[in-house]
Amino acid sequence: NKEAEIGLVQLDSNAYREVFDELAELERSAQAARQDATVPSLNDRAVETLLRYYELKIRILENLNREIQTRKRHENLEKRI
């Protein structure tokens, strides 16, 4: 939902390269945790990892949203000047 709210797929990935790189790294970690979740002895740890992944991803997306809003405000101010 956060990705849709922000319009993540429409964003210029070059303008937000750090964020996109961080999200890609998180996704790789989450994929490994999903695979670990299929192994009974690793399941609990994998679930905890996935929960942390989603919490962190939400925080990153919220920060990105704030940055987008700040840039828009600055652009609007520049247009008025």
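This is a predicted model: local features need pLDDT of at least 70, side-chain atom pairs count only at pLDDT 80 or more; totals for chains, interfaces and linings use all residues.
1. One set of H3 residues is buried: Ala46, Leu50, Tyr53, Lys57, Ile60, Leu61, Leu64 and Ile68. As a reminder, an α-helix has 3.6 residues a turn, so residues three or four places apart point the same way. The cover over the buried residues of H3 includes helix H1 (2-6) and helix H2 (17-36).

2. Lys57 deserves a look of its own. This H3 residue counts as buried because its relative accessible area is 15%, with the cut-off at under 20%. Setting aside neighbours within four places in sequence, Lys57 is in contact with Glu3, Leu23, Leu26 and Glu27.

3. On to the largest nonpolar core, which has 16 residues. Leu8, Leu11, Tyr16 and Leu64 touch the most other members, and the elements giving two or more residues to this core are H2 and H3. If you want to follow Leu11, its contacts are Ile6, Tyr16, Phe20, Leu64 and Ile68, not counting residues up to four places away in sequence.

4. Finally, the aromatic rings: the count comes to 1 pair. The ring centres of Tyr53 and Tyr54 are 4.6 Å apart and their planes meet at 65°, so the pair is edge-to-face. As for accessibility, Tyr53 is buried, with a relative accessible area of 5%, while Tyr54, at 42%, counts as partly exposed.

Methods:
Residues are numbered from 1 along each chain as its sequence is written. Side-chain values use heavy atoms; hydrogens and water are left out. Buried means under 20% relative accessible area, exposed over 50%, partly exposed in between (1.4 Å probe, protein chains only). Helices (H or I, at least four residues) and strands (E, at least two) are DSSP runs, numbered from the N terminus. Contact means heavy atoms within 4.5 Å. A nonpolar core is a set of buried Ala, Val, Leu, Ile, Met, Phe, Trp, Tyr and Cys residues joined through side-chain atoms within 4.5 Å. Rings of Phe, Tyr and Trp (its six-membered ring) pair if their centres lie within 6.5 Å; planes under 30 degrees apart count as stacked, over 60 as edge-to-face and the rest as tilted.
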